[in-house]
Amino acid sequence: MATPETRSPKSLRHSYKRNLKERSIEMLLFLAAFFSVFITFAIIYLLISESFIFFEHVSIWEFLTDTQWTPLFDDAHYGILPLVSGTVVSSLVALVIALPFGTIIAIYLSEFAPFAVREIAKPFLELLGGIPTVVYGYFALLFVTPLLQTLLPELPGFSLLSAGLVMGIMIIPYVSSMTEDAMRSVPMHLREGSYAIGATRFQTAVKVVMPASLSGIAAAYILGISRAVGETMVVAIAAGMQPNLVWNPMEPAATITTYIVQVSLGDLPHGSIGYQTIFAAGLTLLLLTLVFNILGHLLRKRYREIY
Amino acid sequence: MQIFKPSSTATLTAQKSVVNNLNFYYGSYQALKNIDMVVYEKQVTALIGPSGCGKSTFLRCFNRMHDLYPHNNYEGEIILYPDNENILSREVDPIEVRMRISMVFQKPNPFPKSIFENVAYGLRIRGVKRRSILEEKVENALRNAALWEEVKDRLGDLAFNLSGGQQQRLCIARALATDPEILLFDEPTSALDPIATASIEELISDLRNKVTILIVTHNMQQAARVSDYTAYMYMGELIEFGATDTIFIKPKNKKTEDYITGRFG
Ligand SMILES: Nc1ncnc2c1ncn2[C@@H]1O[C@H](COP(=O)(O)OP(=O)(O)O)[C@@H](O)[C@H]1O
Ligand SMILES: [Mg+2]
C-alpha cells in the first residue's frame with residue numbers, strides 16, 4: 001500500500017492523459033450521433049425543398065383531394081389518394097397477418113417453448129427475415145396469387161391481397177422476435193408472482209408479461225407497421241403498379257413506394273413536374289411513418305414499464 | 001421418521017401439513033436432504049439457517065414453484081390436510097396447489113396494474129367477474145394486509161407508485177384475496193427499511209389466526225418475534241424443529257445453538 005510519502009504530491013489532480021482519452025472518446029461518440037441526426041435532417045430537407053418545386057405547380061388541395069394520380073399522362077392529375085389507399089390497404093392486409101401471428105409466436109417462444117425448441121426456432125425465424133424481398137415478391141406473384149385464385153376465382157393476377165399477405169408473412173419474424181425480446185426481458189420474479197397465486201402459463205403471459213412489456217411490444221408493432229408501409233418490392237411485383245383509388249384488397253393498385261421506384265427508374269428529366277412528384281410522394285410517406293412513430297412514442301410513454 | 005412434539009408453551013393445534021423424507025434436486029445437485037417436518041394449522045412456522053442452506057428451496061416445494069423450471073426433482077412427500085394428499089405427487093396439478101398455497105416473495109413484485117387490479121388478480125383468474133364480489137374481496141384483503149386506509153382513495157393508481165413497504169403489503173393482500181390455506185413468505189422484509197419491516201411483522205402476527213404461515217427469514221430476531229415454531233436448516237438438512245421458545249432458549253442440537261448464539265452464520 002502506498003503511504004502518503006511515496007505518492008506524488010499531485011496525485012489528486014486531473015490526469016492529463018486520462019482526460020485526453022476520455023475527451024476523444026466522447027468526441028467520437030458525439031460525432032457518430034451527430035452524423036446520423038445530420039443525415040436524417042438532410043433527407044428531410046431534400047424532400048421538403050424538392051417538394052416545394054412540385055407544390056409550385058400543384059396546389060396542396062388538389063394533391064390531397066384529387067382522386068386520380070396520372071402525372072405522366074397528357075391529362076395529368078396529381079391526387080395522392082390512390083397511392084395512399086394502395087399503401088394503406090396492402091399494409092392493413094400485411095398487419096392483419098403479421099401482428100397476430102407475430103404475437104402468438106412470441107408468446108409461445110417466450111413463455112411456453114422448451115429451451116431446445118426456442119434454440120431451433122429463433123435462427124430459423126431470423127433466416128426468414130433475411131430472405132431478399134424480391135424473392136417474397138415472386139413468391140407472391142407465382143405461388144400465392146395462383147393459390148388464392150383457386151379459392152377466389154375472380155381475383156386478378158395482380159392484387160393488393162396477395163402482395164399484402166406475403167408482406168405479412170415477411171414481417172412476422174420482425175414482429176415476433178422483437179415482441180419475444182420484450183417479453184423475455186420481463187423479470188422472472190414478476191411471472192412467479194402470478195404463478196404463485198395459481199395462474200396458468202397463458203394467463204401469466206397475457207395478463208402479466210404482456211402488460212409489463214407493452215412498450216417493447218408497441219415498438220415491435222410500430223416497426224412492423226413501418227416495414228409494411230415502406231415495403232416496395234413485394235407490392236411492385238405482385239400488386240400491379242396501377243394507381244387505383246380502391247379500398248378493396250382484391251384489386252390491383254400501386255403504393256407510394258412502388259410509384260417512386262417506377263418513376264426513378266424511368267427517364268424523366270430532373271426538374272420536370274413528373275419527376276418532382278416522387279418527392280411529394282416521398283414526403284407523404286415520411287409523414288405517414290412519422291405519425292406511426294409519434295403514436296408509438298406516446299404509447300411507450302403512456303405505458304412506461306417499471307418492475 | 002423422527003417425530004416432533006410441540007412444546008407445552010405453544011398451543012396444540014391440528015396438523016396442516018406433514019413433510020416426510022423430502023429430497024429435492026436441482027438437476028444432479030441435491031439441495032434438500034431427508035427433511036421431516038410438521039406444519040401446524042394457523043401457526044407461524046419460521047425457517048432459519050445460514051444463506052444457501054436451502055430455506056427458499058424448501059419453501060418453494062410447498063407450492064410446487066420448482067415445476068416452473070426444467071430439471072428439478074422432488075422425492076418424498078408433503079401431505080396436505082384435510083385432503084390427506086401428497087402435493088408433490090405427479091397426479092396433483094401444481095396450479096391447484098398454488099390456488100390453495102400462495103406465496104409472497106423477497107422483493108415486492110406488484111404487477112404493472114392498478115392497486116385494485118393487483119389484488120383482484122387471483123380472483124379474476126379464478127373467473128370471478130361480479131364487480132360487487134371483487135370490490136368486497138379486494139377491500140377485505142387490503143384491510144387484512146393493513147393497507148386499506150392508505151390506498152382506499154386511490155385504488156386506480158398504478159401499484160408502482162406505492163412505497164416498498166406498501167408494495168409488499170399489496171403483495172400480501174394479493175395473496176390473501178383468494179383465501180389461501182397456507183401463505184408462504186420468503187424473506188418478505190429483506191428489501192425493506194426497519195419501519196416497513198416492523199409493519200410487515202405486525203401484519204404476520206395479526207394473520208396467524210386466519211391462515212397457516214411459513215416464513216423464511218435470515219433474521220433470527222424476526223423468527224423469534226413472529227413465529228410459533230422454528231425449523232433450523234443447515235446445508236440442505238433440517239437440523240432441529242420445535243416450538244420457537246424451545247429452539248431459542250434451549251436448543252437440543254449444538255449446531256442450532258451455535259447459529260442462534262451467533263457463533264456463525
Ligand atoms: N435454480 C437453482 N439451480 C441450482 N442450484 C440452486 C438453484 N437455486 C438454489 N440453488 C442452490 O441450492 C442451495 C439452496 O439455495 P436456497 O434454497 O436459495 O438457499 P437459502 O434460501 O437458504 O439461502 C444453494 O446451494 C444454492 O446455490
Ligand atoms: Mg433464500
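**Figure 1. Residue classes in the lining of the largest pocket.** Nine nonpolar, five charged and one polar residue make up the lining of the largest pocket in this predicted model. The space in the largest pocket comes to about 310 Å³. Of its 15 lining residues, those closest to the pocket centre are Ala113(A), Arg118(A) and Arg201(A), together with Leu68(B) and Pro70(B). Three elements of chain A give two or more residues to the lining: α3, α4 (115-130) and α7 (188-195). Empty space of this kind is found by rolling a probe the size of a water molecule over the atoms.

**Figure 2. Packing of helices α3 and α6 in chain A.** A packed helix pair is described by the distance between the axes and the angle between them. Helix α3 (residues 81-112) and helix α6 (residues 160-184) of chain A have axes that come within 5 Å and cross at roughly 35°. The crossing of α3(A) past α6(A) is right-handed. In the contact between α3(A) and α6(A) there are 20 nonpolar, 10 polar and three charged residues.

**Figure 3. Predictor confidence for chain B and for the complex.** Chain B has a mean pLDDT of 89, with 94% of its residues at 70 or more. Residues 1-10 of chain B have pLDDT below 50; in the model this stretch has 17 contacts beyond near neighbours in sequence. For the complex, the predictor gives an ipTM of 0.90 and a pTM of 0.84.

Definitions and conventions. Residues are numbered from 1 along each chain as its sequence is written. Chains are lettered from A and ligands numbered from 1 in the order in which they are written. This is a predicted model: local features need pLDDT of at least 70, side-chain atom pairs count only at pLDDT 80 or more; totals for chains, interfaces and linings use all residues. Side-chain values use heavy atoms; hydrogens and water are left out. Axes are lines fitted to C-alpha atoms, for helices over the stretch in contact, and angles run from 0 to 180 degrees between N-to-C directions. Helices (H or I, at least four residues) and strands (E, at least two) are DSSP runs, numbered from the N terminus. A crossing is left-handed if the near helix is turned anticlockwise from the far one by less than a right angle, and right-handed if clockwise. Ala, Val, Leu, Ile, Met, Phe, Trp, Tyr, Cys and Pro count as nonpolar, Asp, Glu, Lys and Arg as charged, and the others, Gly among them, as polar. On a 1 Å grid over the protein atoms alone, a cavity is a set of points where a 1.4 Å probe fits but cannot get out, and a pocket is an open set with protein on both sides within 12 Å along at least five of seven lines; lining residues have an atom within 4 Å of a point. Grid points are joined across faces, edges and corners, and a volume is the space filled by probe spheres set on the points. pLDDT is the predictor's confidence in each residue, from 0 to 100. Contact means heavy atoms within 4.5 Å.
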